[in-house]
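Biologist: Please pick one part of this model and take me through it closely. I'd like the cut-offs spelled out as you go.

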Amino acid sequence: MINKKLQPLLIYISKYIVLTNEEITLLESKLTIRNYLKGQYILQQGDICKYGCFILSGCTRTFYVDKDGQEHILMFGIEDWWASDMGSFITQTPADFNVQCLENTEVVMFSHKVNEELYKEIPKLERFFRQITERAFVASQKRIVRGFSLAAKEQYLLFREQYPEIEQRIPQYMVASYLGITKEFLSKIKSQLVLE
């Protein structure tokens, strides 16, 4: 009997590969579902990222704290998204990023060890993870280019267009941090947009 909580993950996987019932049963036997409270960390900077997390419900932020204590938000995560420090997870070296829950959050956890086992036992899962890693890499590169080439107002409009459901769920100062601007400057941009 398949755990109903895993349905969103199985639907997500089915967009990339087709699993048999036996493979689904095997996959389910190796996964952990965990709940975090708002404010809890899934991962802290400097720790080794032992899990890749698929978000069933809730909202996370992935961010870096520089030597001056300044936070820099790399990304947010909501339902059907992934939350982890991919570099740390793949290399099993200390994480550059923190992953913190902005709401009570429920995740499916893939341990590094389990991932390696699954690649052997269900080889098509390796293709699945390669595809989502490639997509994440492309999205990351596009974000870097937009940071160099778009004005703050254009970046904000693009953020609002691409992630309309996220802005309603997070504080404005976090949107500003994600965009690399101050919350005051974001307020000014939003005021201008109201007048247009």
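Modeller: Let's start with β4 (residues 60–65) and β7 (residues 98–101), which pair antiparallel over four bridges. Strands here are DSSP runs of E, at least two residues long, and helices are runs of H or I with at least four, both numbered from the N terminus. Two strands count as paired if DSSP finds at least two bridges between them. This is a predicted model, where local features need pLDDT of at least 70 and side-chain atom pairs need 80 or more, while totals for chains, interfaces and linings use all residues. Residues are numbered from 1 along each chain as its sequence is written, and side-chain values use heavy atoms, leaving out hydrogens and water.

Back to the pair: F63 stands opposite N98 in β7. Zoom out and you get an open, antiparallel sheet of four strands in the order β2-β7-β4-β5. Its edges are β2 (41–43) and β5 (71–77), each pairing on one side only, and the twist from one strand to the next averages 30°. Helix α8 (residues 172–179) lies across β4 and β5, and runs at about 105° to β5. For such angles, axes are lines fitted to C-alpha atoms (for helices, over the stretch in contact, meaning heavy atoms within 4.5 Å), and the angle between N-to-C directions runs from 0 to 180 degrees.

Now the cysteines. A disulfide would be two cysteine sulfur atoms within 2.5 Å, and the count comes to zero. C59 is in none, with the sulfur of C101 as its nearest cysteine sulfur at 9.0 Å. C101, in turn, is in no disulfide either, and its nearest cysteine sulfur is that of C53, 8.6 Å away. C59 is buried at 0% relative accessible area, and C101 counts as buried at 1%. Buried means under 20% here, exposed over 50%, and partly exposed in between, with a 1.4 Å probe and protein chains only.

There's another open sheet of four strands to keep in view, antiparallel again, ordered β1-β8-β3-β6. There the edge strands are β1 (32–36) and β6, each pairing on one side only. Two bridges join the antiparallel β3 and β6, and F54 has W82 in β6 as its bridge partner.
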